[in-house]
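Open the viewer and keep the selection tool at hand. Each stop below says what to select and what is there.

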Amino acid sequence: MNFNHKFVFLLPGLLVLIGILIFPIVFTVRLSLSSWDSFYPGLDFIGLDNYIRLFTDDKRFWESFFRLSFLSVTTVFLQYIIGFSLALMVWKDIIFKRFFRVLFLIPMMTTPVIMTVIWRTFFHESLGPVNDFFSLFGITPLWLSNNILAKVTVIIVEVWQWTPFMFLLLLAGLLSLPKEPFLAASIDGAGPIRKFIYVTFPLMAPISIGAIIIRLIEASKIMDTVYVLTSGGPGTATETSSYYIFIKGLREFQIGYSAALSFTYLIIMIISLTIISKLLVKLLIKKI
Amino acid sequence: MRTFYLTLKYLIITLWSLFVIAPFLWALSTSFKDFNSVTGGATYIPWLQFEPSLEGWKVLVRSPAKGGVDIIEPYFNSIFVTCTASLISIILGTLAAYALSRFKFKAGFIKNNDITFFFISQRIMPPIVLSIPFFLMLGFLGLLDNLFGLILVYIVLLMPIAVWIMVDFFNKVPQEIDETALIDGCNPYQAFFKVVVPNSIPGLIVAGLFCIIFGWIDFFFAFILTFTEVQLLPVKIVALNSSVTPWWSLSASALVSVAPLIVVAFIVERYLSKGNLSGALK
Amino acid sequence: MKLVTDNLTFKPEKEYFLNKVSLEFEAGKLYTLLGRTLSGKTSLLKTIAGLQPIDTGNIIFEGKDFSTIPVWKRNVAMVYQQFINYPHLNVFDNIAFPLKQRKMKTSDIENEVSVAIHKVGLLGFEKRKIQELSGGQQQRVALARSLVKKAKILLLDEPLVNLDYKLREDLRNEFKNIFTSDLSANSILLYASTDPLEAMQLNGDIIVLDEGEILQSGTAKDVFENPTNIKVSEITNDPAMNILKGSIDSNKIILNENVQFKIPKHVKNIQAGTYHFGIRASDMILDDKGFDFNIDISEISGSETFLHLHQNELNIVLLIEEVKNFNENDKVKINFNLDKLYVFDGKGDLLFSPFKMN
């Protein structure tokens with residue numbers, strides 16, 4: 001029999017994806033070796049100059065990268081803790097179970113930038129409800145223009161937006177767990193806390209790892225929220241790598257240099273995500 | 001002790017629920033305010049704390065010439081781009097996922113898992129990395145500021161999601177079903193469309209929903225690759241924000257923009273409770 | 001009409017799925033592929049259906065090369081051990097599916113399907129969804145779908161193995177009647193099974209497979225009476241034939257220092273040396289004048305009792321055709337029905353059988 005039908009199924013998708021992507025990727029690499037900017041647009045060849053500049057003379061990039069790492073790890077950690085707790089709470093029978101499940105899912109269905117526009121008014125320093133509340137205690141925190149509070153605000157908005165995604169993956173995981181281990185634990189007289197530590201958590205470990213990695217990947221792209229909420233400010237207090245590259249490339253039009261930044265950033269992301277996945281697998285699976 | 005747990009549980013659920021709806025309630029309240037009510041400081045309850053006004057909602061349907069906020073065209077643009085890109089991604093992604101789930105591929109050291117990973121790994125790519133070359137590429141193709149250019153880009157965003165969900169789904173559909181269809185006289189394409197697809201509806205719906213969600217909520221590419229000719233909803237709303245900010249119309253248009261996908265939350269929950277999602281997501 | 005497989009070999013990884021399988025199948029006959037799981041039964045069926053590639057070899061059907069014809073044009077029918085139907089269609093549409101695929105007229109389809117439904121005893125279930133049927137009923141639907149095609153080659157891959165015992169017995173008889181009455185005159189029937197008893201009851205030709213290789217083929221009677229080697233005897237006997245290592249010395253068979261007996265008449269001209277002796281569990285009896293054995297386990301199965309016995313290094317299983325209670329570690333005396341003794345050589349090939357060898 002002719003087994004070549006398989007290519008008819010695979011190739012349309014594969015070729016479309018490669019077709020759309022091949023040029024951008026190759027071109028990014030080529031761009032990164034040029035000095036294309038708004039004064040001299042063009043594909044000249046300057047060797048590794050951009051990369052040398054990046055590694056020796058660009059503190060702002062590395063700062064933005066560590067800021068991004070801090071923001072994404074913190075938000076994903078919070079999302080995991082909260083998402084898992086919520087999933088556990090609406091897993092078994094509670095009143096209005098389905099109502100709460102829908103409610104907890106809603107934020108991820110809303111467009112982040114549009115909700116961020118609302119959040120901006122929410123955290124407005126004189127007209128927003130948050131400071132209306134704090135004014136009861138006689139303080140008006142500067143949510144969007146204080147170095148630390150601006151980060152806190154970004155984290156709050158990100159947690160609001162994406163905890164539902166974590167919640168969804170973990171709840172779907174909980175609902176697919178086999179019943180037998182729980183029965184066995186009940187027969188052995190385990191209470192809810194012991195059941196969680198010895199049964200639920202170990203069974204959920206693989207799903208947890210998957211969910212955390214997916215969220216880390218998505219969180220590493222944080223940019224929309226920052227753009228609308230703080231524009232990276234105050235100063236560079238909330239500037240993430242993506243946002244910094246965006247400024248260099250599409251605001252200052254240092255196209256060549258931003259391509260070098262992009263490419264380096266992509267490589268760093270791939271390496272760090274691989275390391276994190278390996279670590280997570282070790283951390284969560286090994287204990288069992 | 002049990003009562004303590006229970007109280008704690010409901011306390012947390014209530015607090016989180018309040019947190020979830022707070023911005024919506026705030027936006028709803030703001031959408032009925034006017035200049036004076038907004039600048040007078042935070043107020044929440046109409047009639048009691050401020051005199052409600054319908055101005056914020058009226059501007060949504062007024063023409064731009066008369067100072068209206070024209071979100072109708074961006075609305076349809078967004079629907080068109082999201083649905084078309086999702087549909088194409090689902091079709092191509094499902095076909096590829098079927099091939100990866102059923103047949104063995106081998107080219108040198110590259111095997112099925114590597115091809116699957118190639119598809120899914122496109123989600124790792126930060127949008128910013130692609131933005132500049134996409135900008136130049138679409139400019140070269142004359143597709144900048146054009147819906148079809150955006151659709152092309154969205155396919156890259158969405159196809160990985162379709163492949164991710166459908167490969168897992170097909171792996172759980174017994175291969176013997178397709179084989180039986182072949183034996184019963186279907187060629188591989190008939191077997192796929194007459195037997196495999198009708199039995200994959202839950203997976204297709206979940207994949208479709210996820211494509212629609214992630215297409216609908218994208219801002220970045222729409223922001224970079226379109227300017228004036230075509231605008232998608234998020235870009236339009238953010239543009240409202242950066243111009244002089246009438247909070248009432250901003251809130252009203254924001255609420256209108258996020259409303260349709262909230263329906264999706266209900267559908268996702270239905271699938272979740274029926275247990276279909278657990279199979280389709282993992 | 002003949003189906004010939006010639007030297008079929010398929011070795012995708014380290015192990016053989018099929019190893020030089022050369023067979024001939026004739027129309028009007030039932031063939032049972034007997035072998036353990038992963039012995040190559042399913043592989044052979046799938047290869048004949050065209051679902052599995054082969055490395056080398058040929059399949060010839062009605063004088064034509066079968067291997068260039070794709071599955072969907074081969075007109076074969078197959079029933080799997082899992083209950084495979086189309087979950088999105090009801091019973092009627094499931095059975096009608098292959099006929100619709102052939103673009104048959106609607107009225108003809110209705111006739112054919114109702115005949116098949118009647119035959120497998122699913123009258124009144126036409127509009128049911130597959131998920132609402134029991135396992136046995138689902139398998140009836142699968143069978144009806146394979147019958148309705150009037151295929152020239154019908155492949156059944158352990159169709160009854162996932163059913164419970166009682167249902168399996170009933171369906172087996174029913175299936176056999178359906179096949180013999182209906183199809184056999186102009187079609188070839190291949191039935192894969194792991195169960196020797198099933199193979200004997202079906203009473204067709206038996207092909208014994210192991211690790212993708214044909215060990216023996218012949219009539220059920222022949223395979224049962226004269227297993228060509230120890231491996232075949234293991235596959236074709238349940239409970240397995242007792243294989244006892246021993247030696248022949250000065251006209252005596254010596255199993256150990258205590259268990260020794262005369263060489264039976266059908267074992268002729270045998271030289272001294274070490275051999276394997278085979279005796280079925282049912283070919284030994286409790287006998288007060290017999291040899292002493294210790295009981296390890298005694299299990300009752302239906303109306304029979306199995307005794308697992310040992311004496312020093314000698315382990316045997318004995319079958320008694322009645323229900324008897326024994327205690328562990330009790331002693332019993334047993335004797336061998338020496339007329340039923342098999343003798344295999346050191347490599348395991350059959351030397352002497354109690355039945356006539358050809």
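Predicted model: local features only at pLDDT ≥ 70, side-chain atom pairs only at ≥ 80, totals over all residues.

Select residues 2-53 of chain B for domain 1, then residues 72-280 for domain 2. Give each domain its own colour.

How far apart do the C-alpha centres of domain 1 and domain 2 of chain B lie? They are 34 Å apart.

Now look at where these two domains touch. Seven residues of domain 1 of chain B contact six residues of domain 2 of chain B. Select helix 1 of chain B, residues 2-31. This helix gives the largest share of the domain 1 side, four residues. By class, that side of domain 1 of chain B holds three nonpolar, two polar and two charged residues.

Next, show both chains. Here 75 residues of chain B are in contact with 70 residues of chain A. Which helix of chain B supplies the largest share of the side that touches chain A? Select residues 247-274 of chain B: this is helix 13, with 15 residues on that side. Colour the chain B side by class, and 58 residues come up nonpolar, 13 polar and four charged.

Last, move to chain A. An unreviewed UniProt entry annotates "transmembrane region" over residues 7-27, 65-90, 102-122, 148-175, 196-217 and 255-281 of chain A. Pick two of these stretches.

- Residues 148-175 of chain A: 100% helix and 0% strand, with end C-alpha atoms 39 Å apart.
- Residues 255-281 of chain A: again 100% helix and 0% strand, with end C-alpha atoms 38 Å apart.

How values were computed. Residues numbered from 1 in each chain as written. Chains lettered and ligands numbered in written order. Helix = DSSP H or I, 4+ residues; strand = E, 2+ residues; numbered from the N terminus. Nonpolar A, V, L, I, M, F, W, Y, C, P; charged D, E, K, R; others polar. Domains from an automatic or database assignment. UniProt positions renumbered as here; feature names shortened; annotations may be inferred.
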